Structure formats: C-alpha cells, structure tokens
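These are my notebook entries on one structure. I set down what I looked up, entry by entry, with the criteria used.

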Amino acid sequence: MREYQEQIEKKTEKPDRIICNGCGKIIAVRQGMPAEDVCSVRQAWGYLSDKDGDVDEFHLCESCYDRITKSFTVPLTRTEKTEWL
Ligand SMILES: [Zn+2]
C-alpha cells in the first residue's frame with residue numbers, strides 16, 4: 001500500500017526526465033520542458049477491449065517514433081502545423 005501511495009505521489013510531481021520505452025534513452029526535462037520532443041501516448045481502454053479499465057502510457061523518442069511508424073502497413077497522416085502557440 002505504501003508503495004502505491006508513493007507511486008501516486010511520484011506521478012503527480014513533475015518528472016525530471018522521460019525514458020523512451022522503445023530504446024531506454026533518457027531525455028532530460030528542465031522547467032517542465034523536455035530537452036527534445038517526445039511522442040507521449042496514454043490510452044484508457046474501455047469495455048470493448050480485453051483491457052477494460054487499464055490505462056497504458058508510453059513515451060517514444062523521435063528515432064523510435066520514426067522506426068515504429070515506418071513499419072505501419074498504412075502510412076501515418078502528416079500535415080503541417082499552421083498555428084504556433
Ligand atoms: Zn527511443
């Protein structure tokens with residue numbers, strides 16, 4: 001139980017690094033900003049899946065993102081961002 005509480009507390013803190021789930025690369029985070037762009041995915045599975053109630057989360061560095069998306073049977077859709085915030 002204590003471990004669980006610590007995990008929750010850790011998740012609410014701002015991370016000082018992000019670890020790529022694809023290759024293990026460590027990406028530093030300074031003042032809330034990652035040192036390089038990262039693909040972050042969070043999937044909350046619903047009742048139409050075998051993982052109902054599970055929430056999956058992973059991060060990919062740009063190299064792993066390129067490697068994985070290039071393996072898609074149907075290529076991803078890429079558009080240019082027209083507005084920069
Ligand atoms: Zn990676």
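Entry 1, Ile 27. I looked up Ile 27 and found a relative accessible area of 2%, so this residue is buried; with a 1.4 Å probe and protein chains only, buried means under 20%, exposed over 50%, and partly exposed in between. Ile 27 belongs to strand β2. I note that the model is predicted: local features need pLDDT of at least 70, side-chain atom pairs count only at pLDDT 80 or more, and totals for chains, interfaces and linings use all residues. Residues are numbered from 1 along each chain as its sequence is written, and side-chain values use heavy atoms, with hydrogens and water left out.

Entry 2, the chain. I find two helices and five strands. Helices (H or I, at least four residues) and strands (E, at least two) are DSSP runs, numbered from the N terminus. Read from the N terminus, the order is α-β-β-β-β-β-α. The chain has 85 residues, of which 12% count as buried.

Which atoms coordinate the zinc ion? I list the SG atoms of Cys 20, Cys 23, Cys 61 and Cys 64, at 2.3 Å. Donors are N, O and S atoms within 2.8 Å of the metal (3.2 Å for Na, K and Ca); water is not among the atoms, so sites may look incomplete. The angles among the four donor atoms run from 104 to 114°, and the site is tetrahedral, a term that requires all angles of four donors to lie between 85 and 135 degrees. For reference, the ideal angle for four tetrahedral donors is 109.5 degrees. The donor residues follow the spacing C-x2-C-x37-C-x2-C in sequence. Cys 23 sits in the loop between β1 (17-19) and β2 (26-30) and Cys 64 in helix α2, so this pair ties together parts 41 residues apart in sequence. Cys 23 is partly exposed at 46% relative accessibility, whereas Cys 64 is buried at 3%. I also looked for disulfides, pairs of cysteine sulfur atoms within 2.5 Å, and the structure holds zero.

On a 1 Å grid over the protein atoms alone, a pocket is an open set of points where a 1.4 Å probe fits, with protein on both sides within 12 Å along at least five of seven lines; lining residues have an atom within 4 Å of a point. Among the lining residues are Val 38, Cys 61, Tyr 65 and Arg 78. Helix α2 (residues 62-70) gives the largest share of the lining, three residues. By class, the lining has five nonpolar, no polar and four charged residues; Ala, Val, Leu, Ile, Met, Phe, Trp, Tyr, Cys and Pro count as nonpolar, Asp, Glu, Lys and Arg as charged, and the others, Gly among them, as polar.

Ala 44 is in strand β4 and is partly exposed at 48% relative accessibility. Its C-alpha is 8.7 Å from that of Glu 57, 13 residues away along the chain. Trp 45 is in the loop between β4 (39-44) and β5 (55-60), and at 29% it is also partly exposed.

Most residues other than glycine have a negative phi. Gln 31, not a glycine, has a positive phi of about 55°. Gln 31 lies in the loop between β2 and β3 (33-34) and is exposed, with a relative accessible area of 84%.

Key: Four donors count as tetrahedral if all angles lie between 85 and 135 degrees; four count as square planar and six as octahedral if opposite donors are over 155 degrees apart and all others between 65 and 115; anything else is irregular.
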